[in-house]
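This report describes the structure shown below. It moves from the overall fold to the setting of a single residue.

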Amino acid sequence: MLDEGNINGKEVRWGDTHHPALSETKGDYDGQFLFINDKANARVAVIDLRDFETKQIVKNPVALNDHGGTMVTPNTEYIIEGGQYAAPLGWEYASLDDYNTDYRGMVTFWKFDRDKGRIDKSQSFAIELPPYWQDLCDAGKLASEGWAFCNSFNAERATGGVEEGNPPFEAGASQGDTDYLHIFNLKKAEEVYKAGKTVEVNGFPVISLQTAIDEGILYFTPEPKSPHGVDVSPDGKFLVVSGKLDPHVTVYSFEKIQKAIEAGKWDTDDYGVPVLLLDDTKEAQVEVGLGPLHTQFDDKGYAYTSLFLDSAVARWTLGGDFADKHPEEPWQLVSKISVHYNIGHLVTAEGDTVSPDGRYLVAMNKWAIDRFANVGPLLPQNFQLIDIDNTGDNMQLLYDMPIGIGEPHYAQMIKYDKLSPWEVYPEIGWDPHTQSVDPNAPKPGEERVERNGKTVEVFMTAVRSHFTPEHVEIEQGDHVIWHITNIERAYDATHGFSVPGYNINLSIEPGETVTFEFDADQPGVFSYYCTEFCSALHLEMTGYLLVKPTGTTAMLNQ
Ligand code: CUK
Ligand code: CUA
């Protein structure tokens with residue numbers, strides 16, 4: 001499965017995951033699947049929530065990095081993966097001197113096959129975009145179902161080169177007053193893709209920029225000051241975009257966008273993309289504070305925006321149909337709560353669905369400075385739990401939690417009772433990759449070592465507190481195929497299996513069968529053992545792999 005994520009034949013065994021997306025039915029989390037993007041390598045993973053294991057990794061054929069992923073359409077028909085740093089499509093080379101003509105942005109719509117639990121590459125497509133840096137995306141819902149949105153930055157098309165006397169990216173990419181909110185008619189795009197009006201990039205269908213313009217698939221509208229994020233309100237009627245360098249969030253009306261498109265009133269950008277006028281699409285601008293990034297929603301008609309520079313969360317009021325849910329005037333700041341420190345994303349309970357639950361918010365802070373005991377120069381991120389089950393100026397900080405590994409960006413919060421994962425695998429001999437019983441699974445009483453020429457196949461079972469067999473004798477130069485079934489039916493009775501010197505270590509959950517292969521190139525005595533403290537006699541859960549040096553058998557037989 002990891003090999004599916006290889007790039008040009010190279011093993012790439014790390015990622016920079018940014019945005020998990022739970023699968024949805026009618027715009028609400030259904031607890032079945034989870035998707036996440038790898039920003040660094042433009043890959044998308046599919047996780048099955050029956051066992052919380054990754055089942056698939058797809059590599060984007062068009063782009064080498066992404067960012068606006070993953071977000072799902074209301075019934076998980078598509079998983080959105082938007083680009084980030086523009087580059088020639090299909091991982092080609094082009095000089096930075098040809099940036100305007102040869103570099104491109106993209107958005108990819110991966111079709112999800114819920115029955116198979118896999119992305120169906122043969123039903124997926126991408127759209128070519130101008131070389132602005134597409135940022136975060138969101139799918140339309142309810143009022144805006146069938147549409148998708150991505151914000152962007154570097155509409156300036158800065159190409160950096162500070163060492164050559166050019167403005168650094170950070171300056172060049174934030175010179176202009178506005179960038180472009182990308183508005184996609186996804187329904188239309190799907191029709192155009194199905195009609196075959198695409199070109200191929202690395203064998204993958206791409207709707208060209210010109211086709212996207214001609215077919216009315218792509219529109220822009222200005223976004224102030226280095227925007228970050230676009231978040232669709234629970235009713236799908238409003239889109240919230242933050243300007244990182246602007247104390248405001250800008251709220252767009254989907255209805256106004258539709259009217260502006262119908263009226264056919266727009267400017268165009270350098271590539272001929274229609275740019276709807278900000279005055280025609282804007283519903284409101286709310287002054288929230290410094291460095292606004294991301295917005296989530298609750299059940300009381302409030303929106304919550306993270307403020308990176310202020311180190312705070314702003315609570316503000318939605319208008320439209322939300323106006324009578326809260327006591328305050330619509331589109332105004334209600335209160336702020338300080339967080340520690342420099343918040344990136346924030347998450348409210350089911351706060352990006354059609355029916356947010358409210359009650360709790362987690363601030364995902366990038367800096368932890370004085371919050372935890374010093375354990376050296378690498379500090380954890382600090383997640384803070386905030387009580388939002390109230391109105392007005394009343395948010396309460398409840399709890400700090402250090403997150404020690406990597407930099408989590410986004411998270412989602414789902415009601416616990418929507419999840420129904422397995423406690424143990426449904427049948428003994430289960431292969432999690434196929435979600436069915438492995439026909440080669442070792443069975444109790446049938447454990448054995450089979451030799452076929454230079455290939456040795458081991459059929460092993462694991463149960464508290466022994467492996468069967470406990471001796472495996474092979475010869476240097478053998479190719480080994482080794483299956484282990486954990487035959488436990490008890491909840492939490494996981495066993496580990498490790499072989500020193502051969503770089504082998506496994507976790508085998510109750511009912512699971514795993515298979516691994518290796519070449520026995522090192523002779524010697526290798527004690528394999530269980531790496532999970534599973535019982536009082538866990539230390540005895542061990543065995544010997546004996547690899548006889550080449551020729552030994554012949555010598556002994558003489
Ligand atoms: S981005 Cu805004 S903090 Cu990847 Cu969602 Cu990280
Ligand atoms: Cu099995 Cu320890």
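The sections below cover the basis of the model, its overall form and one residue.

## Basis of the model

The model is predicted, so local features need pLDDT of at least 70 and side-chain atom pairs count only at pLDDT 80 or more, while totals for chains, interfaces and linings use all residues. Residues are numbered from 1 along each chain as its sequence is written, chains are lettered from A and ligands numbered from 1 in the order in which they are written, and side-chain values use heavy atoms, with hydrogens and water left out.

## Overall form

The protein has 7 helices and 40 strands (DSSP runs, H or I of at least four residues and E of at least two, numbered from the N terminus). Its radius of gyration is 27 Å, close to the 24 Å that the globule rule gives for 558 residues, so the protein is as compact as a globular protein of that length (C-alpha atoms; the rule is 2.2 Å times the number of residues to the power 0.38). The C-alpha trace spans about 95 × 50 × 50 Å along the principal axes.

Of the 558 residues, 56% are buried (under 20% relative accessible area, 1.4 Å probe, protein chains only).

## The setting of Ser152

Ser152 belongs to strand E10, residues 147-153. With a relative accessibility of 0%, Ser152 counts as buried. Beyond four places in sequence, the contacts of Ser152 (heavy atoms within 4.5 Å) include Trp133, Asp179 and His182. The C-alpha atoms of Ser152 and Trp133 are 5.3 Å apart, although 19 residues separate the two in sequence.

A polar atom of the Ser152 side chain lies 2.7 Å from the backbone oxygen of Tyr180.

Methods
Buried means under 20% relative accessible area, exposed over 50%, partly exposed in between (1.4 Å probe, protein chains only). A polar contact is a pair of N or O atoms within 3.5 Å; within protein, one must be able to donate a hydrogen and the other to accept it, and residues adjacent in sequence count only if both atoms are side-chain atoms.
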